[in-house]
Amino acid sequence: MGRSSRSRARRREVEPEPLDLERILAGSRRVEAKRDGSWNVQPQAAGAAVKSYVCPGCSLEIAPGTAHLVAWRADGLFGEADDLSARRHWHSHCWKTRS
């Protein structure tokens with residue numbers, strides 16, 4: 001038997017869960033040392049890349065469906081939440097050749 005429209009309406013009213021930093025930071029994240037400090041680096045699979053980004057290394061687009069890296073400071077002064085909000089999406093090659 002089908003569900004009533006009332007129960008479907010109640011489900012739509014549910015607030016979305018707040019961002020879970022632990023879940024975001026989990027996975028294959030690693031810390032890399034660069035000349036300007038320590039960086040959290042997490043690969044982004046092609047299937048999970050649904051938005052377009054501009055790579056700060058080459059200023060070219062990272063198109064949806066393109067595997068790439070997400071990087072943010074691991075040693076920032078204002079805490080991990082602030083560092084995570086300043087994360088940037090990089091082409092894998094651009095990140096590797098970054099000094």
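Lys96 sits in helix H4, where helices are DSSP runs of H or I with at least four residues, strands are DSSP runs of E with at least two, and both are numbered from the N terminus. Lys96 counts as exposed because its relative accessibility is 66%; the term exposed means over 50% relative accessible area, buried means under 20%, and partly exposed lies in between, with a 1.4 Å probe and protein chains only. This is a predicted model, in which local features need pLDDT of at least 70, side-chain atom pairs count only at pLDDT 80 or more, and totals for chains, interfaces and linings use all residues. Residues are numbered from 1 along each chain as its sequence is written, and side-chain values use heavy atoms, with hydrogens and water left out.

**Overall make-up**

- The chain has 4 helices and 6 strands, in the order α-α-β-β-β-β-β-α-β-α along the sequence.
- Buried residues account for 25% of the 99 residues of the chain.
- Of the contacts (heavy atoms within 4.5 Å) between residues at least 6 apart in sequence, 52% join residues at least 24 apart.
- The chain exposes about 7,300 Å², and carbon and sulfur atoms supply 53% of that area; accessible areas come from the Shrake-Rupley method with a 1.4 Å probe, and for residues only the protein chains shown count as cover.

**Nonpolar core**

- The largest nonpolar core holds 9 residues: Trp39, Val41, Cys55, Ile62, Leu69, Ala71, Trp90, Cys94 and Trp95.
- Strand S2 (37-44), strand S5 (68-73) and helix H4 (92-97) each supply at least two residues of this core.
- A nonpolar core is a set of buried Ala, Val, Leu, Ile, Met, Phe, Trp, Tyr and Cys residues joined through side-chain atoms within 4.5 Å.
- Cys94, one of the core residues, touches Cys55, Gly57 and Cys58, leaving aside residues up to four places away in sequence.

- Gln42 lies in strand S2 and counts as buried because its relative accessibility is 17%.
- Between Gln42 and Ala71, 29 residues apart along the chain, the C-alpha separation is 6.5 Å.
- Lys96 and Gly57 are 39 residues apart in sequence, and their C-alpha atoms are 10.0 Å apart in space.

**Loop between S3 and S4**

- Leu60 is in the loop between strand S3 (53-54) and strand S4 (61-62), and it counts as exposed because its relative accessibility is 54%.
- Leu60 touches Tyr53, Val54, Cys55 and His91, not counting residues up to four places away in sequence.
- Ser59 has a phi near 65°, a positive value in a residue other than glycine.
- Most residues other than glycine have a negative phi.

**Largest pocket**

- The largest pocket contains about 290 Å³ of space.
- Its lining has 13 residues, and Gln44, Tyr53, Val70, Arg87 and His89 lie nearest the centre of the pocket.
- S2 and S5 each supply at least two residues of this lining.
- A pocket is found on a 1 Å grid over the protein atoms alone, as an open set of points where a 1.4 Å probe fits, with protein on both sides within 12 Å along at least five of seven lines; lining residues have an atom within 4 Å of a point.

Note on methods: Grid points are joined across faces, edges and corners, and a volume is the space filled by probe spheres set on the points.
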